[in-house]
Every structure is written in C-alpha cells, then in structure tokens.
Amino acid sequence: HSLPVDLEPGGEKKMWVLPPAEYQLYLGGIGYLQDFTDKGGVVRSVPASIAWGRERFYHLGLQVAADALEEKTHADVLRVLPKEMPQIMIHWTGRPGAFRRYAYADIVRSFQGAQRGLKAAVDPADFKGKICLIGLTAGDSVRRYVTPADSKMPRLDVLAEVTNTVLTHKFLRPLSFRQNAGLYLLLGLS
C-alpha cells in the first residue's frame, strides 16, 4: 500500500524522487525512508517527517502504520503520534529477526503451486491481517545499521521496528532536565 520516496541531493538544490505516477494512484501513501544515525553512528530514532520545498513526507514506518489504522489524511497521520513528537524514538523489540520473514522465492513458488492444486510451502493464511514489508534482509547489498538491539540490523528490520512502535503506541520520550538531574543525584548518592 505504501512506497518510499527519497530526497536526493543535487548541488544546492534537492529533489524528491517519487514512485511513478501510475503507482501512486493505487498507493495508500508514500513516505520517506532515509538513514538517520546519531553522533555515535547508532539508529535510535527517526524524524516523524521531513520537508523540502513545499512538500512534506512522513517516515514510511509511520505511513504504513497510519495506513493499517486506516488514517488517510495529513491530520489523521498526525493523530497516530503523541502531540509534538518531531522524532520517533524507536521502541526496539530487543532481538534481531523479531518479525517473521519469508523468502520471496518461497512465496512465489507457493502461489504457483497453489494455482496447480499443490500444497503451498507458505500458507497464505499466514499473511491474513498482517502488514507485509518487502525488502532485502540477507546478502552483501543489504544496508545494515547499528541499533540498540543489534549491531548489524537490516534496513527492513529498522522499518518494521518503527512501524511496530507506532502501531503499539510504545513511544519513548527523552527525560526532562529535571528528571535527568534527579536521576544523577539519586545515582550519585548510592
């Protein structure tokens, strides 16, 4: 239902690279999927949206979650997030491969086999009511990131974690200055 867009640098100008117009007619939404790491090179959060020129796009994980929740308009997508949350701090599930994976070839072979009356290796019922993210998770061409959950997490898993954070409403928030000061004081006294 949703596809990524990219903000491509072009000297002093940047431009959005969008899915072809004929695809956009059938999409529930489009969202950006760019890499954001902190100063230490770790992915901990992603901007809820990025803008350039007159266009603003939400993170693809936020867009996928909003699509699953049947939130269609700009205001609806914003309702999925807590108020004034420009960064989505990712609530990591704590383990790599936390989401079920299928090889694309197995799915295609199962579909072809089912058309010939053969038993499918991958049961279509496994996908009913699920969100399916399609992308690379193995091989040398996969972008991998250091995250709090794994030192080599595939980009697709990061997208799944962002989507899961939004769907489960397990939003993390940074501690306020007062909370940090109190914690340091408490730890310093013990």
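A cavity is a set of grid points where a 1.4 Å probe fits but cannot get out. With that in mind, here are some close-up views of this predicted model.

**View 1. The largest cavity and its volume.** Searching the whole structure turns up one cavity of 30 Å³ or more. The volume of the largest cavity is about 100 Å³.

**View 2. The residues that line the largest cavity.** Look for Leu-33, Gln-34, Asp-35 and Phe-36, which are among the lining residues. The lining also includes Val-43, Val-46, His-59 and Tyr-145. Helix α5 (residues 155-168) gives the most to this lining, with three residues. By type, the lining residues divide into seven nonpolar, two polar and two charged.

**View 3. An edge-to-face pair, Trp-16 with Phe-57.** The whole structure holds three aromatic pairs, according to the search. In the pair shown here, the ring centres of Trp-16 and Phe-57 are 4.6 Å apart and the planes meet at 65°, so the pair is edge-to-face. Trp-16 belongs to strand β2 (residues 13-17) and Phe-57 to strand β6 (residues 55-58), so the pair ties together parts that are 41 residues apart in sequence. Trp-16 is buried, at 11% relative accessible area, and Phe-57 is buried too, at 8%.

**View 4. A tilted pair, Tyr-102 with Phe-127.** Here the ring centres of Tyr-102 and Phe-127 lie 4.9 Å apart with planes at 45°, so the pair counts as tilted. Tyr-102 sits in the loop between β7 (87-89) and α4 (104-115), and Phe-127 in the loop between α4 and β8 (144-145), so parts 25 residues apart in sequence are tied together. Tyr-102 is partly exposed, with a relative accessible area of 29%; Phe-127 is also partly exposed, at 24%.

Terms used:
Residues are numbered from 1 along each chain as its sequence is written. This is a predicted model: local features need pLDDT of at least 70, side-chain atom pairs count only at pLDDT 80 or more; totals for chains, interfaces and linings use all residues. Side-chain values use heavy atoms; hydrogens and water are left out. Rings of Phe, Tyr and Trp (its six-membered ring) pair if their centres lie within 6.5 Å; planes under 30 degrees apart count as stacked, over 60 as edge-to-face and the rest as tilted. Helices (H or I, at least four residues) and strands (E, at least two) are DSSP runs, numbered from the N terminus. Buried means under 20% relative accessible area, exposed over 50%, partly exposed in between (1.4 Å probe, protein chains only). On a 1 Å grid over the protein atoms alone, a cavity is a set of points where a 1.4 Å probe fits but cannot get out, and a pocket is an open set with protein on both sides within 12 Å along at least five of seven lines; lining residues have an atom within 4 Å of a point. Grid points are joined across faces, edges and corners, and a volume is the space filled by probe spheres set on the points. Ala, Val, Leu, Ile, Met, Phe, Trp, Tyr, Cys and Pro count as nonpolar, Asp, Glu, Lys and Arg as charged, and the others, Gly among them, as polar.
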